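Visitor: Could you please take me through this protein chain? I am new to structures.
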Amino acid sequence: MAALIESAHAATLRFEDVDVALAEGYIPDPSGECVTAAAHGMPAELGDMGIHYLRPDLLGLTVTAPRVDGTGTHTDFINPAILLYEPQEDGSLVLVGVENLVFHAAWEAAGNEGPPILAGRAWDYMVDDPSTPAEEAHHFEAHYDQHLWFRDNPNGNLEPFNPRVTCAHHRR
């Protein structure tokens, strides 16, 4: 696990400067959200994810409303589809991890059975439950996603939320 984290972090060091991420095609999540477990109906002690910057081409985005959908099946963590930033008190952003997301329908259409696997762990399956007030799938169609934290996560560096990441300084 340490070698995987180290190699992904080394490959993405240039994105510590968010302007480099923007220049290379990443865009801020259009929702403007800094994702927290509490805002998505989960225990606050799980922590936060931060602000997501997305590469639409790697995600294969086709529509963004009413839910984000696409054809993406990208699983390369050396060249991730999503960068995770923690907002700082001074308004700057710190790169704390990366993520990949594959759309369930596209993944199956590509001939895959079951979720992608990283380091022996099945990626998380996310689909919104319209009967709850929470937005379980972050406004995306059904998908699998996998986080890889550069900042140590006491819950595990592949878990979706990290209690050592905070959205406390997020400004919309």
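Visitor: How many helices and strands does the chain have?
Guide: The chain has four helices and eleven strands; these are DSSP runs numbered from the N terminus, helices being H or I of at least four residues and strands E of at least two. This is a predicted model, in which local features need pLDDT of at least 70, side-chain atom pairs count only at pLDDT 80 or more, and totals for chains, interfaces and linings use all residues. Residues are numbered from 1 along each chain as its sequence is written, and side-chain values use heavy atoms, with hydrogens and water left out.

Visitor: What about disulfides, and which residues are joined?
Guide: One disulfide is found in the whole structure, and C34 is joined to C167 with an S to S distance of 2.0 Å. A disulfide here is a pair of cysteine sulfur atoms within 2.5 Å.

Visitor: Where do C34 and C167 lie in the chain?
Guide: The pair links distant parts of the chain, 133 residues apart: C34 is in strand β2 (residues 34-36), while C167 is in the segment after β11 (143-149).

Visitor: And which hand does the link have?
Guide: The link of C34 and C167 is left-handed, with -80° about the S-S bond.

Visitor: Are C34 and C167 buried or exposed?
Guide: Both C34 and C167 are buried, meaning under 20% relative accessible area, where exposed is over 50% and partly exposed lies in between (1.4 Å probe, protein chains only).

Visitor: Now the whole chain: what share of the residues is buried?
Guide: Of its 172 residues, 46% count as buried.

Visitor: What does the C-alpha trace span?
Guide: Along its principal axes, the trace spans about 45 × 35 × 30 Å.
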